[in-house]
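Please work through the exercises below with the sequence and the model side by side, and try each task before reading its solution.

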Amino acid sequence: MTPTRKNGGEEWEVFARNKRGAEFYQIGTVRAPNRRLAQAYALMTYDEEHWVDLAVVRRSDITWVRRLKPMVSQADEVVAAMVEEEEPA
Amino acid sequence: MTVQEKLQIDTRAQEAMTRLFTVLADTKYRLGQHLANCSWMGPVMEASVATSAMAQGELGRARLLYWLIEEMTGQAAEDLPVDAAVRAAGDALPEIKPEPETWVELIAAIYAIKTATRVVLQGLLDAPDPALHRRLKKMDDEEHYEILYAEGWIEDLLADTGSLPARVRAALAHYLPPTRAWLAAGETAVLTAAGLLPAGFNLGDEFAARVEEFARSVGTSLTV
């Protein structure tokens, strides 16, 4: 889906760590049309804990090395195959 | 020891600081109330959550400023004889609508008020006298993210292909020049002489420079 204001923009992954030297965890996502809003939304939405580092990464900027197939599309493929089998040739 | 004793400022500087803080505090109090009432206006969930968070922060920062005024003067903020005409009219910054009616106007007002606040805070934080630093630093950090919020929205609205860019420009033209004028006409000279602002620092010019820098970063120019 093309990011527009109507759907809130793009997905941004939010990463944080709670103390110096701790690992970064993915703590959630925000939807925003630009970097400034992604930063502001991340801070205002995920500020319940005192994070020493908080970062946002545009989901489309992530380069996957290995990725599990999404379950929904797997299910879609199974349903599509069943429908195909049931339909007369 | 009161803030005034720590600052060791004369009466004129104290009055100037009180006027500056009172107008900012009144504006922030009104903006906080308005944000609390219209957080539902956010076009997306994150925007509404952010508006609610800002309302809470804005009311808290107004309270901190009123408390500093009280400590400086020994008088409750509502009893101060400052900017009586402005306060009686219910407006904080002159010519600025205290309760903007649309999302576009709300964003423009947030941007103008918060950028003005940050210019004042950073001027005071850059001053050689550290008496106010501890109290103002947290407020300054919080304003930074809320300015990002307003800037992000302005950037997005300006990139629209419909009527929104013209509307956001009109709203900014309504809020930015009076805010700059208020800062420029204000207390710079007295506060600089008292060592509360760095030498050569002008609140109005600094405000204009920040707006122009933001406008350049999104490839446009804005009337300030």
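Two exercises on a predicted model follow. Local features need pLDDT of at least 70 and side-chain atom pairs count only at pLDDT 80 or more, while totals for chains, interfaces and linings use all residues. Residues are numbered from 1 along each chain as its sequence is written, and side-chain values use heavy atoms, with hydrogens and water left out.

**Exercise 1.** Describe the interface between chain B and chain A by its residues, its area and its salt bridges.

*Solution.* Begin with contact, meaning heavy atoms within 4.5 Å: chain B contributes 22 residues and chain A contributes 14 residues. Next take the buried area, that is, the accessible area (1.4 Å probe) that two parts lose on being put together, summed over both; here it is about 1600 Å², with 63% given by carbon and sulfur atoms. Of the area that chain B buries against chain A, B:E46, B:Y145 and B:D156 supply 34%, more than any other three residues. Finally, count salt bridges (a side-chain nitrogen of Lys or Arg within 4 Å of a carboxyl oxygen of Asp or Glu): there are two between the chains. B:E155 pairs in this way with A:R36, their closest N and O atoms lying 2.9 Å apart.

**Exercise 2.** Determine which element of chain B gives the most residues to the side that touches chain A.

*Solution.* Take helices as DSSP runs (H or I, at least four residues), numbered from the N terminus. The elements giving two or more residues to this side are helix 3 (45–73), helix 6 (133–158) and helix 9 (203–217) of chain B. Helix 6 of chain B gives the most, with 10 residues.

Definitions and conventions
Chains lettered and ligands numbered in written order.
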